[in-house]
Amino acid sequence: MQTSLPYRKINILSEFIANQIAAGEVIQRPESAIKELVENSLDAGADSIIVVVRDAGKGLIHIVDNGCGMDREDLELCCKRHTTSKVITSEDLEKIITFGFRGEALASICSIANVEIRTKRRTSDGMEFPGLRLISEPTKGESIEPFNADFGTQIFVRNLFFNVPARRKFLKSNLSEFRYISDTMIRLALSKPNIRFTFYDEDTLIFDAKPSSLQERIGDILGRDTTENMFPLQAENNLVKLSGYIGNPANVKRTSANQYFFLNGRSIKSKSLNYAIFSGYEHILEKNNFPFYLVNIQIDPRIVDVNVHPQKLEVKFEDERIIFNLLQNAVARVLQENNLLRSLDIASNEASSPFLVINQPNQAAPTFVNRYTGEIMSNQKQFNYNRKFSENNFKSQEQDVPQVSAFSAIFKDNFESESELIEKEAFPKPFLFQIHKKYIISQTANGFIIIDQHAAHERVLYERAKKSIQKASSNSQQLLFQINISLNAAKRSIFKLIQEELALIGFVFNLIEESEIELTAVPIDIKPGQEESSIKEILEQYQEFEKIMKTDKQDLVAASFACKAAIKTGESLSLEEMKSLLEELNRCDNPSSCPHGRPTIIEFPMTELDRRFGRI
Ligand code: ADP
Ligand code: MG
């Protein structure tokens, strides 16, 4: 038997120790004290709040507000633990609309700093209350005395953490601590544009933001550069209302610092909502590029749980998907409406072809000649597509094309009559070629673009499939012979889940048994011979996408279909095929990325080429 068992009598913690323990949770650094105190001022109905810090908040935090103030009874209680004017019943807890509700902040701060509160209660009915001052020291307790205070409340927090050396040591440099503070002050100021926030570091005014619209407040706090590059966002359904601004994807930052969510006026962080915005941008953002956004989420407090973390940064939603989808769609719509998704510019695709077309009287197909090399590309069928182009089309481009005398030198001898030569531009627009059976290259007005054939086709099929599903109108091709496909258990359950959507994009089938389907028609984009594999691959792909893409079923089916039915890398494309692919891509709502993020097009502007060749 052990000789010294660790038995100890249970004690009730003294209030002071309990407060210090709680303080460790509620007040991690000067910034958290400032946040709590400013939130108290907001809860008190202040419309002007002044914050002054010295020594990054460790020396002094001074908050002045013009809120309701406190009378003697309130002042006697406010620094005790679990004293609050904001939650009385557990029903109140169900629908918290104030910032505070735990009644812990002042008690915590008083246990780790010297605190002075000057206050005078203000009422709307003209009742008079005396001004008061409370002095509190962690070891000595509090005293209250009459004081000639202004209406509202002023709080001085001096020597924060002076009696908690471990905590003080854990603080970072003044510069870092000040950064935490200013970040919080910025969030507070952005969350309440109708309230005046004045913020000093020592004697330096950091900002004095007067009451204004959200747009002006953003300008005051984040700068005109932000307001000039942002677009309003609005969306709502019966549960949620979203409003705010999102930034131009061309104007991004290297850090996520300029991204703000406010839930019922409270700054929150949410990885999943952040992802909703990110995917609303359809991944046209490059990695580590962060656009500005500020989104206010208004939601019935009964369906959010704010009682999660003492710092109340993480918030739980009852059904996150509702907000997720609303937000994602709203972002995509704003970008589309403002034409912010990079446009393809194929329409202005002014190619000057190196090829000439020679139509000879006694030959059905024309001959193609490379102007620059003199090489003859004889009668290739795939070069034949462009004969419908009008005369005007090539004339306007003719002057851009350098004349190469080799042409006449070679051909004068070969033809009897020069007048029988009909010169035509071979590929007036667009001029395309494929490299490595993978990429398509085309000239544009400003330079050239490289198109990923698979990603581009995927985008085209994805949008087409989505439209088919939404409009319930598909394009099927009947199979000569029906195909029976048996599905394993995993595929069967996915098939059951998405069979309606599959039918909407053009798969026609009968269920023979639990595990077998009879396919009679497929969407026109499915190549002959790939009917069975395509449906199986779509089911597999769906399962994969479901794990990584937070979108709805229709979207996932469309994306899975697009991924599997799209032209693969390694397939060679005829000019006709490339041309129609680009035309279709150009008609897409979001041509610049594939459904799950990779770009479809990379553009090389002339300036980039000129720069790299040392011309500029
Ligand atoms: P909580 O905010 O959770 O109620 P606090 O410890 O932050 O808890 O504050 C306790 C109480 O003190 C508040 O409920 C409020 O009644 C009062 N109080 C604190 N700060 C102010 C202020 N600036 N103006 C008026 N009353 C205040
Ligand atoms: Mg509070």
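**Surface patch, sheets and salt bridges**

Mentor: Let us start with Ile 17, which is placed in helix α1 (residues 15-26). Please bear in mind throughout that this is a predicted model.

Trainee: Is Ile 17 buried, partly exposed or exposed, and what is its relative accessible area?

Mentor: Buried means under 20% relative accessible area and exposed means over 50%, with partly exposed in between. Ile 17 is therefore partly exposed, its relative accessible area being 37%.

Trainee: Which residues make a nonpolar surface patch with Ile 17, and what is its area?

Mentor: Ile 17 makes this nonpolar patch together with Leu 13 and Ile 21. The area of the patch is about 280 Å².

Trainee: In the open sheet of five strands, which are the edge strands?

Mentor: The strand order is β9-β10-β15-β12-β13, with mixed pairing. An edge strand here pairs on one side only, and this applies to β9 (230-236) and β13 (266-268).

Trainee: Which helix lies across β9, β10, β12 and β15, and at what angle does it run to β9?

Mentor: The helix in question is α11 (residues 320-337). Its angle to β9 is about 140 degrees.

Trainee: Turning to the open sheet of three strands, what is its average twist from one strand to the next?

Mentor: The order is β25-β27-β26, and the pairing is antiparallel. Its edge strands, each pairing on one side only, are β25 (476-486) and β26 (508-513). From one strand to the next, the twist averages 15 degrees.

Trainee: Which residue in β27 stands opposite Leu 511?

Mentor: Five bridges pair β26 with strand β27 (residues 516-523) in the antiparallel sense. Helix α15 (residues 489-504) lies across both β26 and β27. In β27, the residue opposite Leu 511 is Ile 517.

Trainee: How many residues apart in sequence are the parts that Glu 177 and Arg 29 tie together?

Mentor: The two side chains meet in a salt bridge at 3.0 Å, N to O. Glu 177 belongs to helix α7 (residues 174-191) and Arg 29 to the loop between α1 and α2 (30-43), so the parts they tie together are separated in sequence by 148 residues.

Trainee: Are Glu 177 and Arg 29 buried or exposed?

Mentor: The cut-off for a buried residue is under 20% relative accessible area. Glu 177 is at 0%, and Arg 29 has a value of 11%. Both Glu 177 and Arg 29 are therefore buried.

Trainee: Which residue meets Lys 467 in a salt bridge?

Mentor: Lys 467 lies in helix α14 (residues 453-471), and its partner is in the loop between α18 (575-587) and β28 (601-605), so the pair ties together parts that are 122 residues apart in sequence. Lys 467 is partly exposed at 34%. At 3.9 Å, N to O, the partner of Lys 467 is Asp 589.

Trainee: Which residues do salt bridges that share partners join into one network?

Mentor: The model has 29 salt bridges in its count. The network joined through shared partners consists of Glu 116, Arg 118, Arg 133, Glu 145 and Arg 158.

Terms used:
Residues numbered from 1 in each chain as written. Chains lettered and ligands numbered in written order. Predicted model: local features only at pLDDT ≥ 70, side-chain atom pairs only at ≥ 80, totals over all residues. Heavy atoms only, no water. Patch = residues over 30% accessible without salt bridge, like charges linked within 9 Å, V, L, I, M, F, W, Y side chains within 5 Å. Areas by Shrake-Rupley, 256 points an atom, 1.4 Å probe, with all protein chains shown as cover. Salt bridge = Lys/Arg side-chain N within 4 Å of Asp/Glu carboxyl O. Helix = DSSP H or I, 4+ residues; strand = E, 2+ residues; numbered from the N terminus. Buried < 20%, exposed > 50% of the residue type's maximum accessible area, 1.4 Å probe, protein only. Pairing = 2+ DSSP bridges. Contact = heavy atoms within 4.5 Å. Axes fitted to C-alpha atoms, helices over the stretch in contact; angles between N-to-C directions.
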